[in-house]
Amino acid sequence: MKNKEKTPKIRKNHGFMKTMRDVFKTPSAKLGGILFALMVIGAVFAPLIAPYSPTQPDYMHVNSAPSALHIFGTDSLGRDIFSRLLYGARYSLTLGIIAAVFGNACGVAVGSIAGFLGGRADNFLMRLCDVWAAIPGTLLSILVSATLGPGFVNTVLALSVAGVPYGARMVRGMTLAERTKEYLEAAETINCPKYRIIFSHLLPNVISPTLVSTTMAIGGTIANAAGLSYLGLGIQPPTPEWGAMLSEGMSVFRSYPHMMIFPGLTIGICVLAINLMGDGVRDAMDPKLRD
């Protein structure tokens, strides 16, 4: 029998896995990833981890200090703060991620259309973004939230609008740089539809910096969501949301500081973890910072 020739195995280039390894190459990014993963695990498995119900009052243990029975203490209704923080991660993380992604996606759409079409469309969209960006983001979120009212969807919209003009400007600049490339001229030569040129050819080449800005925006959006809830404009009690818990503890901070300290620390650690991961994403996707 003839020996069968072994065909060499072609090793696939796992670009995504390589990028992930580059993201967590630095110790700070690893620390951020571990902290964020722990928070996500706590949010997903909150019913299994939480020792108590997040909404059920316990009038026998009202305003209890941290102890073996309640490691983070209880609030003014006797609800376990640790359990409420676990369940609150579901709302706070979801708000931050969805609002940051939606806001940056709108910015990408506006910026790519303005940069590709140019002319009057570009001038109109950029002047609109100038007026939009002239209003401070926090103030704009407060105005939108106060107009639409509290609620999950309305809070997402209120948090999303602030980041649209900045994402649009960034993508427009990259689109103008890509606009003169030969592959776009070739696509126009064969009468490729404009929407297909934008979404199939242009956006894949400008999406990497957008991913970095989106990752960096999640932490700030979570902090802004907590701020809206702190002002009574975001998620409303008795829903366990970090900002709402911070607001509840404000009035009794001097007597029961644990009611404000633990939600505040949780928000700070979450924002720090996401920013550390954002630095890793930036370093991995920026060619100038690669080894």
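## Helices H8 and H10

H8 spans residues 164-179 and H10 spans residues 194-230. Helices here are DSSP runs of H or I with at least four residues, numbered from the N terminus. This is a predicted model, in which local features need pLDDT of at least 70, side-chain atom pairs count only at pLDDT 80 or more, and totals for chains, interfaces and linings use all residues. Residues are numbered from 1 along each chain as its sequence is written, and side-chain values use heavy atoms, without hydrogens and water.

The axes of H8 and H10 lie 10 Å apart, at an angle of about 150°. H8 is therefore roughly antiparallel to H10. Axes are lines fitted to C-alpha atoms over the stretch in contact, and angles run from 0 to 180 degrees between N-to-C directions. Angles over 145 degrees count as roughly antiparallel, under 35 as roughly parallel, 65 to 115 as roughly perpendicular, and the rest as oblique.

From H8, the contact uses Met 170, Val 171, Met 174, Thr 175 and Glu 178. From H10 come Leu 202, Asn 205, Val 206, Pro 209, Thr 210 and Ser 213. Contact means heavy atoms within 4.5 Å. By class, this contact has six nonpolar, four polar and one charged residues. Ala, Val, Leu, Ile, Met, Phe, Trp, Tyr, Cys and Pro count as nonpolar; Asp, Glu, Lys and Arg as charged; the others, Gly among them, as polar.

## Helices H6 and H7

H6 covers residues 137-148 and H7 covers residues 152-160. Their axes come within 8 Å and cross at roughly 155°. So H6 runs roughly antiparallel to H7. The crossing of H6 past H7 is right-handed.

H6 brings Ser 141, Val 144, Ser 145 and Leu 148 to the contact. H7 brings Asn 154, Leu 157, Ala 158 and Leu 159. The classes are five nonpolar, three polar and no charged residues.

## Ser 255

Ser 255 sits in the loop between helix H11 (242-250) and helix H12 (258-285). Its relative accessibility is 54%, so Ser 255 counts as exposed. Exposed means over 50% relative accessible area, buried under 20%, and partly exposed in between (1.4 Å probe, protein chains only).

Asn 63 is 192 residues away from Ser 255 along the chain. Their C-alpha atoms are separated by 9.3 Å.

## Cysteines

Cys 129 has a relative accessible area of 2% and is therefore buried. Cys 270, at 0%, is also buried. The count of disulfides is zero, a disulfide being a pair of cysteine sulfur atoms within 2.5 Å.

Conventions. Helix = DSSP H or I, 4+ residues; strand = E, 2+ residues; numbered from the N terminus. Left-handed = near helix turned anticlockwise from the far one by under 90°.
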